[in-house]
Amino acid sequence: MLLTNLKEACGESWHVHYNILCLYPDTNVNYLVSELLLKSLESDPYYYYVVFRLYELSKISSITNEQQDGFLKILNAFKDSDLSLVTSVTKRWFTVLNHCFSTENLNKLAVFLIKFASFKNIPDEFFEQQKFVTLVSKALLQRPEPSVILHFPVACIPKRIRKEIIDELVEQYFKVPSNDKLYCIKHLLKGMSLHSNLETKFEVLKKLVQDVNGMTFHEHDEDMKKESKELVEGIVSLIFAAHFKQIKDKESFRYISNVVELLLTSLSLDKFDMTCELEIVTIILKECTTDSFAAIQKLRETFISYCLIALNNYRDDKVTRSSMLQSLVSCAIASEATFEQITTGISSFDAMSLKDATMSSTLTKLIAKIMPVSRKYAIYFLGLLLINLSLGEEDALIALCCYFERQSMDVAAQDDIIAEFLGFLNQAGSVNSARALTIACALLNSSRKGTNPKLISKLIWSISTLNAKANSGIVSSILRITREVLSTKPYLFDQYGLENTIYLVSNIVKNVRAESDNNVSESIYVASTQVLSSILLYHRFQLTTRHHILMDIMTFLLQDLCTVGSQAHSVQAASAYLRLLHNMCEPMKRVEDRLEKHSTTTTTTTTAAAAASSSSSSSSKLSIPTSSHSLTPLSNEYKKYLRRHVPILLTNYVNFQLKFNFDKAVNDTISSGIYSIFDVLSQSQLHALNAALDFGGRAFFKSLYNDYKEYGKWKG
């Protein structure tokens, strides 16, 4: 309906006026400007929304001081009963307020918002209002509210104001410590002002670290103390990272030099209770990963000597020794000098220390980090790991992967290391399987292009023979690393390597049946299917004549869904098997591309030989199409090879269903994957399969086939 007389229709309902202005911005509103706005100020917030909307539509050129004061009074009156009015300032009218309100009124509004508004979900456009945002920043000096600071972009706070806010927060923290203040300081330091007392006066920073370490908490507040220490470590790290980034600046260079000199003096006193200084040294050396700065190099050498002396002086104090080793892991860098210094210092460790799992694992991480890259050192490290050091933590595996990753830059040396490792396993007889598996996984993960595929194949075989005694954590790491290498480094696997990988997964699936923890067995089952899917997705061209090997493990996995522990009722395990079935029976486009690339390469390299040996090639093994212009899609060619073997899988499904009866949820989940097997098989194969079944099997197969025709044949 066209409103011919808007004034009569709306009367003095400001809410209605506002809605009309929003819905019909081109409406004639002269009556609002000439008559209604001449009235005395209203207590209805929609009166001011109408004013703001009129300014937004350029119907009025300004907002009077009286209207500004009136809106501020409305805010103060409604602050407790209607928070939506406060929210309207931060989410709707901030642009109008920024342009029309006076500096004095904007300042009042900024103070009000800091007290009552939530800055958590403020739109980014709010922070583009420079005048308004600057005044909010200044208001934070008087009331540094954590709920505002933590959601305020650091870049929007001018450096001078940021510096003053940090100083104020630090002073408040020294009086009344709280983690909220530490969070705010850490947030503001991300902007790198390098002007606050905390950033320029080392004694202030040192006092902050000391105060956190000296705090006394009740037993139930231990988590709070841990959180405080982590926050302070983050603050110290940000400060030194900023100074190192600006090391060419005179002030930053002077600051770093003075701090290092003070710390060197402290370390030379040979006192072993300097918790504050040690924490700061550790953070500094962690932030500066090179010794290009002479003072830092000297500090690193002095700190390493200090830690080694402490390790020898506190032989009976496991906590102190563990802490010193962790500090060395954090600060040491790989070099000949550092390696010699540390290995000489820890050579006096007794056998009891090496038998301690935590100590031994930390030593492993330390040696892996500092050891120089060379064939000699790598082989020495292998012997040390296999004989003396114990491995059980995921961190230790990560450390080994990092070391062998550095070592693998020299491919020839990497081949020698793998060969030495395999030779040691053959000669040693009985060996700690956990250690050997961890090393084997690290070597597999770090291998690069150019590594001998035969060695990779033997490495995978060694993993498959050792995994029987492995715990679930190591088995999960084996499957994760194998899956990653299959997808990211497919060039490492030849035909035998893939066969050994399938054998490895088969062993793991068989061994996991004895696992008592259902959650663990389910996760290993899912990971096993993911490894097999990676083989199908990235190496399908090498399975052309090897599908019979795959069917064995597929049958084991299918049987587990109806007979073994949690898998018999696990929809997650069934979903993983379903994805595996689809990957096997329905090649994806990217796989076809890889196959076509492989076949094209094969054609290019064998054209001349093919002409000479065409008479004998008919009796050789099956080959994939050699023309990218073939009228028959590659996926159909591979289905032709696959259909020779999948009948056995379908037969086993029928037998398992009759003998064990799948859980309904599991069966419903895998049914579409079973239907995809029907898509692969020809009619003659289906007749032959039906004839091979007994009476009960044929009845069930007929029902299954009818379901396929009704539900599974038509897709999309």
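Buried means under 20% relative accessible area. The legends below describe close-up views of a predicted model.

**View 1. Helix α30, residues 518–538.** Of the 21 residues of α30, 17 are buried, so the rest of the structure largely encloses this helix. At 1.5 Å a residue, α30 should span 30 Å, and its end C-alpha atoms are 30 Å apart, which agrees.

**View 2. The aromatic pair of Trp 461 and Tyr 503.** A pair of aromatic rings is described by the distance of the centres and the angle of the planes. The model has a count of 26 aromatic pairs. In the pair formed by Trp 461 and Tyr 503, the rings are stacked, at 5.0 Å centre to centre with 15 degrees between the planes. Trp 461 belongs to helix α27 (residues 453–466) and Tyr 503 to helix α29 (residues 495–511), so their pairing ties together parts that are 42 residues apart in sequence. Trp 461 counts as partly exposed, at 41% relative accessibility. Tyr 503 also counts as partly exposed, with a relative accessibility of 36%.

**View 3. An aromatic cluster that includes Trp 93.** Ring pairs link Tyr 18, Tyr 46, Tyr 47, Tyr 48, Tyr 49, Phe 52, Phe 71, Trp 93 and Phe 101 into this cluster. Arg 92 lies over the face of Trp 93, at 4.0 Å from the ring centre.

**View 4. Lys 449 over the face of Tyr 491.** The distance from Lys 449 to the ring centre of Tyr 491 is 5.7 Å. A charge counts as sitting over a ring if NZ of Lys or CZ of Arg is within 6 Å of the ring centre and within 35 degrees of the ring normal.

Terms used:
Residues are numbered from 1 along each chain as its sequence is written. This is a predicted model: local features need pLDDT of at least 70, side-chain atom pairs count only at pLDDT 80 or more; totals for chains, interfaces and linings use all residues. Side-chain values use heavy atoms; hydrogens and water are left out. Rings of Phe, Tyr and Trp (its six-membered ring) pair if their centres lie within 6.5 Å; planes under 30 degrees apart count as stacked, over 60 as edge-to-face and the rest as tilted. Helices (H or I, at least four residues) and strands (E, at least two) are DSSP runs, numbered from the N terminus. Buried means under 20% relative accessible area, exposed over 50%, partly exposed in between (1.4 Å probe, protein chains only). The expected span of a helix is 1.5 Å times one less than its number of residues.
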